[in-house]
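Open the model in your viewer and keep the selection panel at hand. Follow the stops in order.

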Amino acid sequence: MVGGLVLPHSQHQVATPRTTAAPAPSTQALEQAPCCTTVSARPARGSLDEVRKAHARHIKLGLDRSPRHARPLLAACALGDWPGSMEYAAAIFATLDEPEAFDYNTLMRGHVVGGRDPAAALRLYVDMLQNGVDPDGYTFTFVLKACAQLAASRQGRQLQGHATKLGFSRHDEHVQNSLISFYGKCGEAELARRAFEQMEAGERTAASWSALLAAYTRAGLWAECLEAFGAMARDGWRPDESSMVSALSACAHLGAYDVGRSVHCALLRNTVRLNTFMETSLVDMYAKCGCIEKATAVFDGMDGEKNVWTYSAMVSGLALHGDGRKALQVFDAMVSEGHRPDEAVYVGVLNACSRSGLLDEGLRCFDRMRLEHIVAPNAQHYGCMVDLLARAGRLEEARALIGNMPTGPTDSAWRSLLNACRIHGDIELAERALQELARLGGAVNAGDYIIVADMHASAKNWDAAAALRVEAVDRGLAQAQGFSAVEVHGRMHRFVSQDRSHPRTADIYEMLHQMEWQLRFEGYKPDTTDAALDVDDEEKRRAVAAHSQKLAMAFGLLSTPEGTPVRVVTNLRMSKECHAYSALISEIFGREVVVRDRNRFHRFRRGACSCGNYW
């Protein structure tokens, strides 16, 4: 990325090309990079007087209009952090006789550092062209960074065309890396990938890979991010800190525990000391991969270096695991240590209370947020409160709260109420929630219709159930295919219901048969109440027997060593049948089964679930 050019010092402590130390910058690079040797490029606030005195000496000696002599002062001001430093830099620049590309680059660099005024950097580029000054490779790194900060995709593409015309878009790693970073920050992951692939293998650096990984992460392409991370390692590059954080984020979203643990080991091998940002990423990864003990161990090992984001990651992780009591303890510790909770922390706290059934505690936290910490509730907070009330069976209070939301009713709030109606069997209110979702326009989805249709099917109202499904089709709503995935040896294996596409299908179904055979000895009978099909009981049993979650569990039991947890990730809500089935599997096979459904984690040990049957 552009970080090594825009900042006075590299932010990547671990980055080294291939497996050797980074080479020293060439003499030419040092001459081209807009830096300062006479005056510090990052002077302290107290050095403003020193810079002014130096400027006065230059004026007295008649050197203030000479670009060569004014450059140290220009860089010191452009990269200074005192109030008015950029204005002072602009004043020095305005007095120069025939400023060169080097001088324009210095001022552009000052505008993009910390996102001060990226639009000014683009205006300066236009002035540069109008004054007949030819840009160099460093110019494009700064203006592309400005476009990235402004999300100015059209202007960035124009700059790419200009760089190509001048011959800088090929064989110039800084410009190429800047293009990858620019497209990634504009959400154009495919264009970032193309820019990366246009680089020859010998031109790619750790920064090139890091920019590509960041592009995939920003676009939510988690599988592609991990694939690129593996390719980076196979190509002989030692991943830098930024690359590892991107990989950890991908692991967290995919539930790829084994890969995440490998990244953690690589961090420990290659970094003298983990910083707060890296440790926060590890807390988030372990929590979202189902290992809350390791997340807690990393969190507890951060002696006095926790920030609000760290606490937010820990609270949100505990919320995912349904440990509301522990989440409240962490929150209280955060407040007692002097950290001021923000909106994100309170979302995690309220979610923790909702998923643990802590109604009174959740109501108190909502009051503390508004009255003690003066945090104005947003739509997410009200959505959490609706979920809290509705899960506790106070459906009418939840509906009234939606009507009184200062932000206006939201789809997430109505959907929380709809899900609670399914739990408590209130078909009338569920239909009202579906109508309100439809009234919100594009907020309704096929899953909302299926929830209400399944409720009617459970009540044997087959005509009403069929009518709702037809209405969803008529509205052009397609339901995303349900799947479950299990991690084996660092690779995610995905299954759908009745799936027979896996190379080991015969072994998986044989294992599935053995699992059910052993469960029947324990008195297991499939619960088909969630199978909303107008068929006989035998057909329903066959339908639930090869559920995607059961297939994933069967493959996990087949392919992982005895005594190790089986980790399953599914985009479905845990059904009563799969919940009871997983609990029995954990008891009979003596294996911990960790399932992350679309809302939370379920950890089955010795026949019991961490959710306490509250989900």
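The tour goes from the whole chain to the cores, then to a set of paired strands.

**Before you select anything.** This is a predicted model: local features need pLDDT of at least 70, side-chain atom pairs count only at pLDDT 80 or more, and totals for chains, interfaces and linings use all residues. Numbering starts from 1 along each chain as its sequence is written, and side-chain values use heavy atoms, with hydrogens and water left out.

**Stop 1: the whole protein.** Show the cartoon. You have 31 helices and six strands. Both are DSSP runs, numbered from the N terminus: helices are H or I with at least four residues, strands are E with at least two. Of the 615 residues, 52% are buried (under 20% relative accessible area, 1.4 Å probe, protein chains only).

**Stop 2: colour by pLDDT.** This is the predictor's confidence in each residue, from 0 to 100. The average is 86, and 89% of the residues score at least 70. Now select residues 1-46, where pLDDT is below 50. Beyond near neighbours in sequence, this stretch has 89 contacts in the model (heavy atoms within 4.5 Å).

**Stop 3: the largest nonpolar core.** Such a core is a set of buried Ala, Val, Leu, Ile, Met, Phe, Trp, Tyr and Cys residues joined through side-chain atoms within 4.5 Å. The largest holds 144 residues.

Then centre on Leu417. Leaving aside residues up to four places away in sequence, Leu417 touches Val386, Ala390, Leu395, Ala398, Arg399, Ile402 and Leu429.

**Stop 4: strand S1.** Select residues 484-488. Are they buried or exposed? Five of the five are buried. Ser484, Val486 and Val488 are on one side, with Ala485 and Glu487 on the other, and both faces are covered.

**Stop 5: the partners of S1.** Strands pair if DSSP finds at least two bridges between them. Glu487 stands opposite Met492 in S2. Two residues lie between the strands of this hairpin, where His489 takes a positive phi near 55 degrees.

Finish with S3, residues 566-570. S1 and S3 pair in the antiparallel sense over three bridges. Here, Ala485 has Val569 as its bridge partner.

Terms used
Buried means under 20% relative accessible area, exposed over 50%, partly exposed in between (1.4 Å probe, protein chains only).
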